[in-house]
Number of protein chains: 2
Amino acid sequence: MISIMNIDFIDLLIAMAERRRSLKQEAFLFHQDSAVNAVYVVQEGAIELTRYQEDGSSIILQHAGRHSLVAEASVYSDVYHCHAVAVEPTSVFEVSKATFLGCFREDSEFAQLWAQHLAREVQSARVRSEILSRKTVADRLDGWLAWRNEDLPAKGQWKSVATQIGVSAEALYRELAKRRPA
Amino acid sequence: MISIMNIDFIDLLIAMAERRRSLKQEAFLFHQDSAVNAVYVVQEGAIELTRYQEDGSSIILQHAGRHSLVAEASVYSDVYHCHAVAVEPTSVFEVSKATFLGCFREDSEFAQLWAQHLAREVQSARVRSEILSRKTVADRLDGWLAWRNEDLPAKGQWKSVATQIGVSAEALYRELAKRRPA
DNA sequence: GCTGAAACATGATAAGTATCATGAATATAG
DNA sequence: CTATATTCATGATACTTATCATGTTTCAGC
């Protein structure tokens with residue numbers, strides 16, 4: 001592949017950013033049914049996307065952390081199908097939808113990077129599903145380790161791993177203890 | 001959006017198909033580390049993508065059922081990073097990678113449809129993750145119902161729902177029984 | 001109308017985890 | 001260096017589900 005393809009799409013988007021917005025915890029980035037005018041990349045903090053149904057039920061669609069693109073699919077919609085709320089103090093980069101779609105149409109390199117980004121997101125989301133469909137903490141941890149085999153564990157970050165693999169921190173500590181050599 | 005955008009990308013790919021391949025159960029569609037020359041859409045049956053590590057561990061990357069595109073991310077790779085095996089008698093449509101990338105470069109409508117397809121896949125894979133991170137059968141079923149609220153349940157298909165939400169069929173039947181009015 | 005296969009259904013048991021509690025080890029700020 | 005918060009750690013209990021067993025219903029094909 002061409003060398004230019006190695007640049008990260010998210011970095012590219014950040015470089016293209018036209019604005020920056022800061023949100024207090026609990027503040028909305030956008031509301032369900034409002035018009036889609038821009039795409040956002042989380043600079044710091046986290047945005048949670050939640051869809052509410054008429055019957056009152058709700059479901060989380062995405063938990064977008066640092067350097068995540070918020071609601072990729074919104075690019076292809078006129079209105080948002082979910083609310084976006086900052087779950088902690090958060091700042092985001094903003095690129096207008098017009099700019100984004102313009103680049104996509106005119107710059108085939110940009111289009112390629114965007115598709116590549118999406119394809120990878122698909123892959124990692126699917127892997128997460130497979131990990132979460134495993135029943136025991138041991139199996140899920142094995143899956144997590146098998147997936148990101150390059151960069152091993154994390155120091156002081158096990159708690160966040162617990163969240164990722166959908167188990168309580170306590171259960172993960174116990175599993176880790178079991179694996180520690182005597 | 002333009003009306004042409006409503007056509008399904010998968011249907012488009014099927015129409016473009018240059019070949020069709022039939023696989024017996026357990027047959028390989030491709031192997032890890034072999035060159036990527038084509039993309040495949042499942043016509044009938046199912047393909048399971050599994051990645052094996054040096055240490056012997058493995059993880060399922062995708063379970064591609066009818067009308068699923070197999071290993072979207074392979075389009076942006078020279079070699080496959082996983083094995084693809086038919087888990088039942090399966091037939092697939094084949095489109096060469098060259099044709100695919102050519103269309104992407106020259107036909108902006110095709111590119112748009114491809115990105116749109118990927119964005120939707122990202123979304124549904126993320127939703128599945130959120131559902132699977134819920135702990136009880138009741139919560140997962142609620143999530144499943146909240147997600148595909150349009151077309152309700154399924155007749156004679158509850159068992160497959162059980163697989164999707166990662167619970168045993170028995171547990172799902174019990175939950176459904178609880179919800180049935182006296 | 002049979003027949004075999006698959007879905008549907010429900011009971012009993014074992015296993016694994018969430019949760020609550022409580023405390024030690026670390027880190028971070030002042 | 002001390003205060004305070006966070007991670008790390010481990011125990012006990014209740015709850016939920018996987019699994020095995022067994023039986024009923026449904027339905028396509030003959």
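Reader: What makes up the surface near DNA strand D, by class?

Author: In this predicted model, the surface near DNA strand D has 8 nonpolar, 3 polar and 5 charged residues. Ala, Val and Trp are among the residue types counted as nonpolar, whereas Asp, Glu, Lys and Arg count as charged.

Reader: Which residues and elements lie around DNA strand C?

Author: Of the 15 residues around DNA strand C, Thr136(A), Val137(A), Ala171(A), Trp158(B) and Ala177(B) come nearest. H6 of chain A, with helix H5 (158-164) and H6 of chain B, each supply at least two residues of this surface. H6(B) gives the most, with 5 residues. By class, the surface near DNA strand C has 7 nonpolar, 3 polar and 5 charged residues.

Reader: How many residues of chain A are in contact with chain B, and what makes a pair a contact?

Author: Two residues are in contact if their C-beta atoms lie within 7 Å. By this criterion, 37 residues of chain A are in contact with 36 residues of chain B. On the side of chain A, strand S5 (58-64), helix H3 (108-132) and helix H4 (137-147) each give two or more residues. H3(A) gives the most, with 18 residues. By class, this side of chain A has 17 nonpolar, 12 polar and 8 charged residues.

Reader: Why are S2(B) and S7(B) called paired strands?

Author: Two strands pair if DSSP finds at least two bridges between them.

Reader: What makes S2 and S5 of chain B edge strands?

Author: In chain B, 4 strands form an open antiparallel sheet in the order S2-S7-S4-S5. Strand S2 (28-30) and strand S5 (58-64) of chain B each pair on one side only, and are the edge strands. The twist averages 30° from one strand to the next.

Reader: Where do the domains of chain A lie?

Author: The domain assignment gives domain 1 (6-107) and domain 2 (134-179) of chain A. Their C-alpha centres lie 28 Å apart.

How values were computed: Residues numbered from 1 in each chain as written. Chains lettered and ligands numbered in written order. Predicted model: local features only at pLDDT ≥ 70, side-chain atom pairs only at ≥ 80, totals over all residues. Near = placed C-beta within 6 Å. Domains from an automatic or database assignment. Axes fitted to C-alpha atoms, helices over the stretch in contact; angles between N-to-C directions.
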